[in-house]
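Reader: I would like to go through this model term by term. Please set each value against its cut-off.

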Amino acid sequence: MKKLFGTLFLTFAVAFMFAQGNIEGIWYNTTKTGKVKIFKKGDSYYGKIIWLKEPLSEKTGKPKTDENNPESKYRNNPIIGLEVLQNFVYDDGKFVDGTIYDPENGKTYKCKMTLTDANNLDVRGYIGIPALGRTEKWTRTKE
């Protein structure tokens, strides 16, 4: 009886995890020029840049930094390791209420993410309402 209960519990736990969608892992951005690791902290999801196809600045030959950050005290922080996704919560098939930071222009946008299948993630950054935004298609890496 204990084995049956344990097996049923494990089955339901795994089914719940897949029903919710698992965005944790490493994702290529749309152009495959960067990888973002998405992870869970507490009840929220975050993501940080862990790899760049071109990690060095053309100007300096040194690792790229967050030179477009609106706050000057952060402009020397390296892009690799930069947390670009913050505070996402799972709600009804989507990851919502988060923000995405674009180091290319130094702007932060509201964002929602939708797992379209196990290996594809729609990342929609927007201003105000989702209709006023752009969707990027990220793919899970095989690592």
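Author: Start with the elements. Helices (H or I, at least four residues) and strands (E, at least two) are DSSP runs, numbered from the N terminus. Read that way, the order of elements in the protein is α-β-β-β-β-β-β-β-β. That is one helix and eight strands. This is a predicted model: local features need pLDDT of at least 70, side-chain atom pairs count only at pLDDT 80 or more, and totals for chains, interfaces and linings use all residues. Residues are numbered from 1 along each chain as its sequence is written, and side-chain values use heavy atoms, with hydrogens and water left out.

Reader: What pLDDT does the protein average, and where does pLDDT stay under 50?

Author: pLDDT is the predictor's confidence in each residue, from 0 to 100. The protein averages 89, and 86% of the residues score at least 70. Residues 4-19 stay under 50. For that stretch the model has two contacts beyond four places in sequence, a contact being heavy atoms within 4.5 Å. Where pLDDT is low, the predicted coordinates should not be read in detail.

Reader: Why is valine 36 called buried?

Author: Buried means under 20% relative accessible area, exposed over 50%, partly exposed in between (1.4 Å probe, protein chains only). Valine 36 has 6%, so it counts as buried. This residue lies in strand β2.

Reader: Which residues is valine 36 in contact with, leaving aside its neighbours within four places in sequence?

Author: Gly25, Ile26, Trp27, Gly47, Lys48, Ile49, Val84, Leu85 and Trp138. Take lysine 48: twelve residues along the chain from valine 36, with 5.3 Å between the C-alpha atoms.

Reader: What makes threonine 141 buried?

Author: Its relative accessibility is 8%, therefore threonine 141 counts as buried. Threonine 141 sits in the segment after β8. Not counting residues up to four places away in sequence, threonine 141 touches Ile26, Trp27, Tyr28 and Lys35.

Reader: Why does asparagine 105 count as partly exposed?

Author: Because its relative accessibility is 32%, which falls in the range between buried and exposed. Asparagine 105 is in the loop between β5 and β6.

Reader: Aspartate 92 and aspartate 97: buried or exposed?

Author: Exposed. Aspartate 92 has 72% relative accessibility, so it counts as exposed. Aspartate 92 is in the loop between β4 (83-91) and β5, while aspartate 97 lies in strand β5.

Reader: What is phi in these two residues?

Author: For aspartate 92, phi is positive, about 50°, although the residue is not a glycine. For aspartate 97, phi is near 65°, again positive in a residue other than glycine.

Reader: What does threonine 114 touch, not counting residues up to four places away in sequence?

Author: Gly93, Lys94, Asn120, Leu121 and Asp122. Threonine 114 is in strand β6 (residues 107-117).

Reader: How much of the protein is buried?

Author: Buried residues make up 31% of the 143 residues. The accessible surface comes to about 9,600 Å², and 57% of that belongs to carbon and sulfur atoms. Those areas come from the Shrake-Rupley method with a 1.4 Å probe; for residues, only the protein chains shown count as cover.

Reader: What makes a set of grid points a pocket?

Author: On a 1 Å grid over the protein atoms alone, a pocket is an open set with protein on both sides within 12 Å along at least five of seven lines; lining residues have an atom within 4 Å of a point. The largest pocket has a volume of about 1,000 Å³. Of its 39 lining residues, Asn29, Ile49, Asp102, Pro103 and Glu104 are closest to the centre.

Reader: What volume does the second largest pocket have, and how many residues line it?

Author: About 160 Å³, with 13 lining residues. Asp66, Asn69, Tyr74, Asn77 and Leu82 lie nearest its centre. A volume here is the space filled by probe spheres set on the points, with grid points joined across faces, edges and corners.

Notes
On a 1 Å grid over the protein atoms alone, a cavity is a set of points where a 1.4 Å probe fits but cannot get out, and a pocket is an open set with protein on both sides within 12 Å along at least five of seven lines; lining residues have an atom within 4 Å of a point.
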